[in-house]
Amino acid sequence: MLQQYKQILVPVDGSYEAELAYKKGVAVALRNQATLHLVHVVDTRAFQNISSFDTSMVEQVTDTAKKTLDKYVEDAKAAGLQNIDYSIEYGAPKSVIAKDIPENLNIDLIMIGATGLNAVERLLIGSVTEYVTRTAVSDVLVVRTDLENKPAVDPKKKA
């Protein structure tokens, strides 16, 4: 019997890599007749060091994420996927993606984009993707290629 995933989680953060994970997530969800759960995690720690912190900054980030996620849901439904939802969470992305959501939603596959960080950023703050692949209790698929399985190259970045 073939492995069939039923609850798929795709974290999205606005990066090219996350968009690829979303597109492949839609395809896998369609093939498996699965539910696709999209999540955007607002890293509240990023706002802790801002002395003039006010809630309007978080609201702006949330509004932008909501618009992106609404568009993803619309596109997925146009592709034939009916079982799709999303949430916007607040906290540390690593633990929310690797543990909190998978436990709450019985996730059996996390599809996550390869890190968009450079080597220095990974050294200083660590990669969410690396942490998720190391600690998640479900299967994790790291998306590194486009829909034709060619190495992903962000058209906005210079080669």
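## Handedness first

The model here is a predicted one.

## The overall layout

Let's start with the whole chain. The protein has five helices and five strands, and along the sequence they come in the order β-α-β-α-β-α-β-α-α-β.

Of the 159 residues, 39% are buried. As for how the chain meets itself, take the contacts between residues at least 6 apart in sequence: 74% of them link residues at least 24 apart.

## H1 against H2

Helix H1 spans residues 16–32 and helix H2 spans residues 55–78; their axes sit 10 Å apart, at an angle of about 30 degrees. Angles under 35 degrees count as roughly parallel, so that is how H1 and H2 run relative to each other.

Who does the touching? On the H1 side you'll find Glu19, Tyr22 and Val26, and they meet Tyr72, Asp75 and Ala76 of H2. Sorted by class, that H1–H2 contact holds four nonpolar and two charged residues, with no polar ones.

## H3 against H5

The other pair to look at is helix H3 (residues 93–105) with helix H5 (residues 128–135). Their axes come within 9 Å and cross at roughly 30 degrees, so H3 and H5 are roughly parallel to each other.

H3 brings Pro93, Lys94, Ser95, Ile97, Ala98 and Lys99 to the contact, while H5 supplies Val128, Tyr131, Val132 and Thr135. By class, the residues in this H3–H5 contact split into six nonpolar, two polar and two charged.

## A look at Tyr5

Now for a single residue. Tyr5 lies in the segment before strand S1 (7–11). Is Tyr5 buried or exposed? Its relative accessible area is 16%, so Tyr5 is buried, the cut-off being under 20%.

Leaving aside residues up to four places away in sequence, Tyr5 touches Asn32, Ala34, Asp108, Leu109 and Asp139. One of these, Asp139, is 134 residues from Tyr5 in sequence, yet the C-alpha to C-alpha distance between the two is 9.6 Å.

Note on methods
Residues are numbered from 1 along each chain as its sequence is written. This is a predicted model: local features need pLDDT of at least 70, side-chain atom pairs count only at pLDDT 80 or more; totals for chains, interfaces and linings use all residues. Side-chain values use heavy atoms; hydrogens and water are left out. Helices (H or I, at least four residues) and strands (E, at least two) are DSSP runs, numbered from the N terminus. Buried means under 20% relative accessible area, exposed over 50%, partly exposed in between (1.4 Å probe, protein chains only). Contact means heavy atoms within 4.5 Å. Axes are lines fitted to C-alpha atoms, for helices over the stretch in contact, and angles run from 0 to 180 degrees between N-to-C directions. Angles under 35 degrees count as roughly parallel, over 145 as roughly antiparallel, 65 to 115 as roughly perpendicular and the rest as oblique. Ala, Val, Leu, Ile, Met, Phe, Trp, Tyr, Cys and Pro count as nonpolar, Asp, Glu, Lys and Arg as charged, and the others, Gly among them, as polar.
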